[in-house]
Amino acid sequence: MLFFSLLKTLVNHEVAVGLKDDLSIRGTLKSVDQFLNIKLDDIMVLGEGKYPHLAAVRNVFIRESVMRYVHLPLGAVDTALLEDAMRREASNAAAAKGR
């Protein structure tokens, strides 16, 4: 849930997504679901010469299972909120383990 919450805060920010087949796509994050599938608008394929058939594509839906990484905009990430959420998640996991 931590990554879902983080990505939800970045809707309407530009992100870069690297796929397992070495394709990299940059675009505006429009939505993310609970399975971490994402939708990007106004995309640009990095290394477009290698993938000319994607030149006309403007919007994509990317399944989590094909993503290698998501590069987040540094200024858009609220690190204090993220650290707090990580502490709460670790605390909840420790409490559940102790039961």
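**A friendly note on this predicted model**

By the rule used here, the structure has 5 salt bridges, where a salt bridge is a side-chain nitrogen of Lys or Arg within 4 Å of a carboxyl oxygen of Asp or Glu. Before looking at some of them, please keep in mind that this is a predicted model: local features need pLDDT of at least 70, side-chain atom pairs count only at pLDDT 80 or more, and totals for chains, interfaces and linings use all residues. Residues are numbered from 1 along each chain as its sequence is written, and side-chain values use heavy atoms, with hydrogens and water left out.

1. Start with Glu-14 and Arg-26, whose side chains form a salt bridge at 3.7 Å, N to O. Glu-14 belongs to strand E1 (residues 14–19) and Arg-26 to strand E2, so this pair ties together parts that are 12 residues apart in sequence. Helices (H or I, at least four residues) and strands (E, at least two) are DSSP runs, numbered from the N terminus. Glu-14 is partly exposed, with a relative accessible area of 47%, and Arg-26 is also partly exposed, at 29%. For these words, buried means under 20% relative accessible area, exposed means over 50%, and partly exposed lies in between (1.4 Å probe, protein chains only).

2. **Two bridges along a helix.** Now find helix H2 (residues 79–97), which holds both Arg-87 and Glu-83, 4 residues apart, or about one turn of the helix. Their salt bridge has its closest N and O atoms 4.0 Å apart. Arg-87 is exposed at 53% relative accessible area, while Glu-83 is partly exposed at 45%. In Asp-84 and Arg-88 you can see another such pair, with the closest N and O atoms 3.1 Å apart. Asp-84 and Arg-88 are 4 residues apart in H2, so about one helical turn separates them. Both count as partly exposed: Asp-84 at 33% relative accessibility and Arg-88 at 45%. As a general idea, side chains of opposite charge can pair when their charged atoms come close.

3. **The nonpolar core.** Which residues have the most contacts inside the largest nonpolar core? They are Val-17, Leu-19, Ile-25, Ile-38, Leu-40 and Ile-62, in a core of 20 residues. The elements giving two or more residues to this core are helix H1 (2–9), E1, E2, strand E3 (38–46) and strand E4 (60–62), and E3 gives the most, with 4 residues. A nonpolar core is a set of buried Ala, Val, Leu, Ile, Met, Phe, Trp, Tyr and Cys residues joined through side-chain atoms within 4.5 Å. Not counting residues up to four places away in sequence, Leu-40 touches several others, including Val-15, Val-17, Ile-25, Val-60 and Ile-62; contact means heavy atoms within 4.5 Å.

4. **A buried serine.** Ser-24 sits in strand E2 (residues 24–32) and is buried, at 17% relative accessible area.

5. **The valine in E2.** Val-32 lies in strand E2 and is buried, with a relative accessible area of 8%. Leaving aside neighbours within four places in sequence, Val-32 is in contact with Phe-4, Leu-7, Lys-8, Asn-37 and Ile-38. Val-32 and Leu-10 are 22 residues apart in sequence, with 9.5 Å from C-alpha to C-alpha.

6. **Two positive phi angles.** Most residues other than glycine have a negative phi, and most peptide bonds are trans. Asn-12 has a positive phi near 75°; this residue is in the loop between H1 and E1 and is exposed, at 51% relative accessible area. Asp-42 is not a glycine either, yet has a positive phi of about 50°. Asp-42 is found in strand E3 and counts as exposed, at 57% relative accessibility.
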